[in-house]
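Please read it beside the sequence and the coordinates.

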Amino acid sequence: MSIDPKNPLKVLHNAINSTILIRLKDGIEYTGRLKVCDNYMNMIIEDAKEMLDGTVTAKFGEIFIRGNNILFIKPQAV
Amino acid sequence: MSIDPKNPLKVLHNAINSTILIRLKDGIEYTGRLKVCDNYMNMIIEDAKEMLDGTVTAKFGEIFIRGNNILFIKPQAV
Amino acid sequence: MSIDPKNPLKVLHNAINSTILIRLKDGIEYTGRLKVCDNYMNMIIEDAKEMLDGTVTAKFGEIFIRGNNILFIKPQAV
Amino acid sequence: MSIDPKNPLKVLHNAINSTILIRLKDGIEYTGRLKVCDNYMNMIIEDAKEMLDGTVTAKFGEIFIRGNNILFIKPQAV
Amino acid sequence: MSIDPKNPLKVLHNAINSTILIRLKDGIEYTGRLKVCDNYMNMIIEDAKEMLDGTVTAKFGEIFIRGNNILFIKPQAV
Amino acid sequence: MSIDPKNPLKVLHNAINSTILIRLKDGIEYTGRLKVCDNYMNMIIEDAKEMLDGTVTAKFGEIFIRGNNILFIKPQAV
Amino acid sequence: MSIDPKNPLKVLHNAINSTILIRLKDGIEYTGRLKVCDNYMNMIIEDAKEMLDGTVTAKFGEIFIRGNNILFIKPQAV
């Protein structure tokens with residue numbers, strides 16, 4: 001995949017329908033299938049697992065994550 | 001339901017009149033019926049329950065939640 | 001009352017002259033009669049009581065509350 | 001005084017030359033005569049007293065308070 | 001000096017070349033001669049002293065203070 | 001390399017494809033090859049290592065880092 | 001040097017190629033030669049030293065510092 005060196009959000013848009021990992025500012029992580037992502041990094045994640053220190057702490061069929069709490073995203077988590 | 005992969009807020013607008021779960025940045029959660037939602041994620045929730053660590057700590061007929069405190073939203077909580 | 005599903009602030013404007021409860025981010029609550037409310041949720045509250053953990057800690061004839069500190073609002077608190 | 005139900009800042013502009021009480025986010029309070037107030041709630045207070053937990057901790061002939069630190073304002077503090 | 005009741009920043013602009021005291025959000029204070037001040041309250045202070053709890057902790061020939069950290073300003077500190 | 005004295009982001013754009021080090025506000029550091037960088041300092045880093053106090057704590061093939069958490073960047077980390 | 005009393009950033013632009021000291025909100029300081037500075041106070045510093053409580057904790061050939069973490073800047077640090 002060629003990428004635009006000035007548009008990191010495009011990489012997120014390319015990750016739609018694949019599994020990603022999101023770490024929030026407070027250390028909580030979510031993995032799941034990215035369904036929707038806007039330019040504020042607001043996201044819809046399907047089949048999401050919540051993890052803290054590597055332990056699954058909850059599961060969700062679908063969650064909406066507010067972009068401003070995100071620390072980093074690992075686009076291809078599988 | 002088909003979804004626009006660039007508009008996560010649409011999923012919230014589609015959740016109007018269904019029960020959602022909201023987790024705030026400080027860990028407090030609210031469940032209830034979503035009645036109103038704007039693009040800042042300000043929301044009106046009916047028949048709301050406040051929960052901390054899974055325990056119901058208060059009930060409200062209707063509350064207005066300010067969007068900037070929200071960590072994530074589970075659109076179909078029932 | 002019919003409500004616009006995309007405009008939660010309208011519910012606050014409809015609550016003018018009724019008693020509301022405001023919880024701030026730090027847990028302090030105020031109840032009183034809503035007199036004025038702008039789109040930033042800056043508000044004037046009359047006959048206000050300040051409460052912490054359910055105990056009244058102060059009373060004010062009229063206070064102006066800055067909207068950006070608000071966590072949630074219960075529009076019909078009586 | 002009749003008030004515009006959508007413009008709480010007008011109440012502050014009406015309070016010019018009267019004594020107000022300001023509580024900041026960290027609990028410190030200032031009382032004094034409001035001389036100037038803009039739409040960001042930046043204010044000039046004359047004959048100001050600083051108070052913490054009801055005790056006067058400092059006095060100032062005139063101070064400029066930055067609006068974004070304000071929690072609430074009691075417009076007629078005398 | 002007559003003042004515009006809606007423009008508190010004018011008071012700061014009038015304080016140029018006089019000694020002011022600045023308290024930051026974390027309690028540290030700076031005194032010195034105000035040389036430059038923009039509308040974000042970014043300032044250049046000459047012959048500045050840094051103080052914590054009333055004790056001088058450092059001296060600077062000239063410092064640039066970022067406005068968004070400021071809690072209050074005492075315009076005529078001498 | 002000549003640089004524009006008013007455009008620090010250009011230095012980041014020039015660092016694309018080289019190894020950089022990023023320190024976040026909470027002290028965590030990431031090193032890796034900068035692939036993409038926008039004007040908000042959102043970045044894609046390849047072959048990233050996460051480090052805390054100089055110890056590698058995780059490795060990622062590719063991560064997206066949200067710019068608003070960044071404290072500083074060392075453009076040429078190798 | 002004559003200065004515009006309403007433009008403190010000009011003082012920073014005048015400091016290019018001289019040694020400055022930057023203190024961040026968390027108390028960490030950086031000294032080095034200012035190479036680039038934009039209007040958000042994003043900066044490139046050459047031959048930078050990181051200091052905490054007056055002790056050098058790291059050295060960097062070149063770092064990019066994000067402006068929004070800055071508390072104050074001492075323009076002529078040598």
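This is a predicted model: local features need pLDDT of at least 70, side-chain atom pairs count only at pLDDT 80 or more; totals for chains, interfaces and linings use all residues.

Residues are numbered from 1 along each chain as its sequence is written, chains are lettered from A and ligands numbered from 1 in the order in which they are written, and side-chain values use heavy atoms, with hydrogens and water left out.

**Aromatic pairs**

- Over all chains, the search of the whole structure finds 14 aromatic pairs (rings of Phe, Tyr and Trp, the last by its six-membered ring, with centres within 6.5 Å; planes under 30 degrees apart are stacked, over 60 edge-to-face, the rest tilted).
- One of them is the edge-to-face pair of A:Phe60 and B:Phe72, with 5.2 Å centre to centre and 65° between the planes.
- This pair crosses between chains, from strand S4 (residues 55-65) of chain A to strand S5 (residues 70-74) of chain B (strands are DSSP runs of E, at least two residues, and helices runs of H or I, at least four, numbered from the N terminus).
- A:Phe60 counts as buried at 10% relative accessibility, and B:Phe72 is buried at 0% (buried is under 20% relative accessible area, exposed over 50%, partly exposed in between, with a 1.4 Å probe and protein chains only).
- F:Phe72 and G:Tyr30 also pair edge-to-face, at 5.6 Å centre to centre and 75° between the planes.
- F:Phe72 lies in strand S5 (residues 70-74) of chain F and G:Tyr30 in strand S2 (residues 29-37) of chain G, so this pair joins two chains.
- Both F:Phe72 and G:Tyr30 are buried.
- A:Tyr30, A:Phe60 and B:Phe72 make up one aromatic cluster.

**Contact between chains E and D**

- Chain E and chain D each contribute 21 residues to the contact (heavy atoms within 4.5 Å).
- About 1800 Å² is buried between the two chains, 64% of it on carbon and sulfur atoms (accessible area, 1.4 Å probe, lost on being put together and summed over both parts).
- On the chain E side, E:Pro8, E:Leu71 and E:Phe72 lose the most area to chain D, together 31% of what that side buries.
- The count between these chains is 1 salt bridge (a side-chain nitrogen of Lys or Arg within 4 Å of a carboxyl oxygen of Asp or Glu).
- D:Glu50 forms a salt bridge with E:Arg23, their closest N and O atoms being 2.9 Å apart.
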